[in-house]
Amino acid sequence: MRRTVFNSDHEAFRQTLRDFIETEVVPRYDQWFVDGQVPRDFYKQLAELGLFGIEVPEEYGGAGIDSFKFAAVQTEETMRAGVSFGAAGAHVALGLPYLLELGTEEQKRRWLPDFVSGDTMYALAMTEPGTGSDLAGMSTTARLSDDGSHYVLNGAKTFITGGVLADRVIVCARTSPPKPDDRRYGITLLNVDTTLPGYSVGRKLDKLGLRTSDTGELAFADVKVPVEDRLGEENKGFYYLGMNLPKERLSIAYGAYAQAAAAVRFATQYVRDRKVFGQAVASFQNTKFELAACQAEVDAAQAVADRALEALDAGELTAAEAASAKLFCTEVAHRVIDRCLQLHGGYGFINEYPIARLYADNRVNRIYGGTSEVMKMIIAKDMGL
């Protein structure tokens with residue numbers, strides 16, 4: 001399908017990334033899958049490749065490119081190879097926007113160089129064991145000390161991508177009670193050093209998919225967070241979270257489209273090589289029809305994802321448009337990957353084959369970043385319903 005979203009710089013980056021994946025990731029990926037995370041030193045390799053600093057201004061050690069398109073290329077290439085970069089995506093997609101948009105000049109100079117170099121890895125801690133999508137109902141608290149020098153953080157978080165290996169975590173905590181007419185008021189963002197006394201990592205969760213991306217439980221027991229490590233204004237954290245949600249949802253939509261495209265690629269290769277009843281599976285009419293239908297869906301998802309990507313780079317992506325892209329692309333990926341696994345027969349159920357891992361990885365797309373049901377609510381509200 002013809003595309004205009006990428007230029008020659010993006011394609012040069014794509015080739016560099018593809019070579020890196022083939023030499024540095026594919027040979028090691030099976031072990032990472034077994035371990036349930038990538039080695040910490042791998043993040044340094046990604047940093048040396050420049051992946052953490054693309055959108056970081058030059059004065060803080062980055063490339064200063066205000067575009068999400070290079071991240072989109074990275075998504076396409078990792079999915080194409082059937083691999084992932086562990087929690088590196090969360091480091092950039094979930095951590096960086098808050099540092100760039102909310103950080104003071106002093107904070108940016110203190111934090112961003114180590115962010116770019118991979119010396120400090122970030123995670124974002126929103127979800128709690130009892131709240132799920134209801135972020136306004138969070139019970140983690142941060143009480144300002146009597147002398148105003150620090151916050152005393154108490155509570156717990158769960159499903160934190162990159163939380164096991166993170167050096168700093170942006171924690172959402174309640175600093176004031178909600179207002180009678182505004183449950184969202186009273187939440188504050190704190191950039192928490194994971195070496196502080198009282199900070200602890202609980203279980204590394206055993207997930208169905210995304211097994212190379214560490215996901216953990218966090219606990220805070222009277223953690224003293226310096227007041228200078230607060231991001232943005234006090235009690236406005238919920239509104240800050242909403243600022244990044246369209247971009248986060250586009251990222252999930254793009255990943256889902258890329259997964260669907262990869263599934264068609266894996267299935268096409270498999271049916272050409274696999275023989276049953278004396279002929280290649282690809283020669284059967286049902287196989288051709290199934291893959292043709294899947295390709296048509298991938299083409300449609302690519303168009304939706306690319307349109308949203310262009311809108312994001314232009315600063316025009318709305319919450320409803322991002323929700324629509326996420327809903328459509330994740331539902332397409334669900335259907336396409338399932339059909340492509342079916343074409344693998346029994347081998348599609350074996351983790352040795354990338355389609356099996358892709359099937360498991362894909363399932364969370366309709367949950368995190370806002371469930372499909374939440375996306376429908378956002379779209380319906382935008383329709384005036």
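Analyst: What follows takes several labels in turn and sets each against its cut-off; the model is a predicted one.

User: Why is T212 called buried?

Analyst: Buried requires under 20% relative accessible area. T212 has a relative accessible area of 2%, so T212 is buried.

User: Where does T212 lie, and what does T212 touch?

Analyst: T212 sits in the loop between strand 6 (199–204) and strand 7 (215–226). Leaving aside residues up to four places away in sequence, T212 touches Y29, W32, F33, G36, Q37, V38, S84 and G86. Contact here means heavy atoms within 4.5 Å.

User: What makes strand 6 and strand 7 a pair?

Analyst: Pairing needs at least two bridges found by DSSP. Strand 6 and strand 7 have 4 bridges, in the antiparallel sense.

User: Why is helix 8 called roughly antiparallel to helix 9?

Analyst: The label applies to angles over 145 degrees. Helix 8 (319–343) and helix 9 (residues 354–362) pack at an angle of about 155°, with their axes 10 Å apart. That makes helix 8 roughly antiparallel to helix 9. The contact is made by A333, H334, I337, D338, C340 and L341 of helix 8 and by I355, A356, L358, Y359 and N362 of helix 9. The crossing of helix 8 past helix 9 is left-handed.

User: How do you know that the buried residues of helix 10 are on the same side?

Analyst: The buried residues of helix 10 (residues 372–382) are S372, M375 and I379. They cover an arc of only 55° around the axis, which puts them on the same side of helix 10. What covers them includes helix 6 (237–273) and helix 8.

User: Which exposed residues does the face turned away from the buried side of helix 10 carry?

Analyst: That face of helix 10 carries E373, M377 and K381. Exposed means over 50% relative accessible area. After helix 10 comes G384, with a positive phi near 85°.

User: What puts the buried residues of helix 2 on the same side?

Analyst: F42, Y43, L46 and A47 are buried in helix 2 (residues 40–48). They cover an arc of only 150° around the axis, and therefore lie on the same side of helix 2. Their cover includes helix 1 (8–35), helix 4 (88–102) and helix 5 (105–117).

User: Which exposed residues are on the face of helix 2 turned away from its buried side, and what comes just after the helix?

Analyst: D41 and E48 are the exposed residues on that face of helix 2. Just after helix 2, G50 takes a positive phi of about 95°.

Notes: Residues are numbered from 1 along each chain as its sequence is written. This is a predicted model: local features need pLDDT of at least 70, side-chain atom pairs count only at pLDDT 80 or more; totals for chains, interfaces and linings use all residues. Side-chain values use heavy atoms; hydrogens and water are left out. Buried means under 20% relative accessible area, exposed over 50%, partly exposed in between (1.4 Å probe, protein chains only). Helices (H or I, at least four residues) and strands (E, at least two) are DSSP runs, numbered from the N terminus. The arc is that of the directions from the helix axis to the C-beta atoms. Axes are lines fitted to C-alpha atoms, for helices over the stretch in contact, and angles run from 0 to 180 degrees between N-to-C directions. Angles under 35 degrees count as roughly parallel, over 145 as roughly antiparallel, 65 to 115 as roughly perpendicular and the rest as oblique. A crossing is left-handed if the near helix is turned anticlockwise from the far one by less than a right angle, and right-handed if clockwise.
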